[in-house]
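Me: Hi! I have a model open here and could use a hand reading it. Can we go through it together?

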Amino acid sequence: MWKKFLIILLIFTYGCTNKSNNKVANINYPITNIGELDEEITSYVNKTYKKYKKDNLNISYKYKDINENIINISLTIKINENYKIKTFTYDKKKEKFLTIENIVRDVNTLDYNLKEQLLEKYKDINIEYLNSVNLNLFEFDDKNLRIFLNLKNINKDREIIHLDIPLNSLDLIIDKNDDLYLSLKKKNISLGDKIVAITFDDGPSKYTNDILDILKKYKASATFFVVGEKAYYGGETLKRILNEGSEIGNHSFSHKLLTNLTEEEFKNEINQTQEIIKNLTGFTPKLFRPTYGGYTNRLKEYTNLTFVLWDVDSKDWKVKDKDKIINNVVPYVKSGSIILFHDNHEYAVNSIEDILITLKDKGYKFVTISELLEYKKLMEE
Ligand code: ZN
């Protein structure tokens, strides 16, 4: 993105010094090569310069690609000791300027929340100012929508007042081009929440639909690592997994131990399953769970799929007992955990409901592996 940014962006700088009265104008603004947008910015800058050329004037800017179509530019205008903000948000594809109504679905709630925050922060705020709050001065960073309030009268320090609203608390209309980010938001998951990823290996089987029923009841997502040779018979189940917000991963074709396979044999195990899943559902898995958890770095180099192991093992196939399974899981779960179950027998079906209830009571939210990886990435940023 930076490369593109550098290519399309010429910075316009002009400094005028009038030595007789020591007034300086230092003006920087971007040229985007988008006619309508450049005109608007240039005209605003010229107007501001004409109006304040007798003062110390400083204009600086911030540029952000919100996604591949939408640009957000904010100008910070410093006139002597006072600050002002002007922002421009432009959709290249639709060729139009965007207002807050084009960005956020529920502007009324946003407005209400902002005023509430303002009242809390500035107890003596004048109600007229409050009602004149303009929501159309905004910029984005990766986590927040920042709304500027040019309400210098209520701020003794004459700073620009702004309020940050976490993006994942907003129902955004614009496409962030980031499906995982959106699916976390849809599931009401904010950074800091306790999350856990439940995984089921070795299906699909006749038990998979029972598990999906239970997941649905608790609005929980999971990830199913399917075995290629079984997937043939479970096309409808696989589609249901995806339709209900869960995820499918690859668990080889024939469930052999993989560590001794040649490169070709290993690639066949993976590629056949990728093909089957894609043909049945249209979805191409990005995740791979090695059979028996066995893998080598050599195998990892043979595929682009992400290898996914687990840190909590239900041992469901081994202990075959609901209470034992629950005891193998619940005490060991922490936020970010990946739990291993198997959906090719009845034991996971019998224990999963109690486990969902208990973890939900402890504040956990249930995500797919891809969502978990995205969440961890966002937490690191
Ligand atoms: Zn397995």
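Me: Great. What is the average pLDDT of the protein chain?

Reply: Keep in mind that this is a predicted model. The protein chain averages a pLDDT of 87, and 90% of the residues score at least 70.

Me: And which stretches have a pLDDT below 50?

Reply: Residues 1–10 are below 50, and that stretch has 15 contacts in the model beyond near neighbours in sequence. Residues 15–20 are also below 50, with eight such contacts. Where pLDDT is low, the predicted coordinates should not be read in detail.

Me: Where do Asp202 and His251 sit in the chain?

Reply: Asp202 belongs to strand E10 (residues 194–203). His251 is in the loop between strand E12 (247–250) and helix H10 (263–281). The two are 49 residues apart, so the pair links distant parts of the chain.

Me: Is that pair buried or exposed, and why?

Reply: Asp202 counts as buried because its relative accessibility is 11%, under the 20% cut-off. His251 has a relative accessible area of 2%, so it is buried too.

Me: Switching topic: where is Ser370 found, and what is it in contact with?

Reply: Ser370 is part of helix H15, which spans residues 369–380. Leaving aside neighbours within four places in sequence, Ser370 touches Leu180, Glu247 and Leu287. With a relative accessible area of 12%, Ser370 is buried.

Me: Nice. Now the open sheet with E7, E8 and E9: what is the strand order?

Reply: The order is E7-E8-E9, with antiparallel pairing. Strand E7 (138–140) and strand E9 (161–166) stand at the edges. Each has a single partner strand, so one side of each is left without a neighbour in the sheet. On average, neighbouring strands of this sheet are turned by 25° against each other, direction ignored.

Me: How many bridges join E8 to E9?

Reply: Six bridges join strand E8 (residues 144–149) to E9. As one example, Leu145 has Ile165 in E9 as its bridge partner.

Me: Last one: which helix lies across E8 and E9?

Reply: That is helix H4 (residues 107–121), running at about 130° to E9.

How values were computed
Residues are numbered from 1 along each chain as its sequence is written. This is a predicted model: local features need pLDDT of at least 70, side-chain atom pairs count only at pLDDT 80 or more; totals for chains, interfaces and linings use all residues. Side-chain values use heavy atoms; hydrogens and water are left out. Helices (H or I, at least four residues) and strands (E, at least two) are DSSP runs, numbered from the N terminus. Buried means under 20% relative accessible area, exposed over 50%, partly exposed in between (1.4 Å probe, protein chains only). Contact means heavy atoms within 4.5 Å. Two strands pair if DSSP finds at least two bridges between them. Axes are lines fitted to C-alpha atoms, for helices over the stretch in contact, and angles run from 0 to 180 degrees between N-to-C directions. pLDDT is the predictor's confidence in each residue, from 0 to 100.
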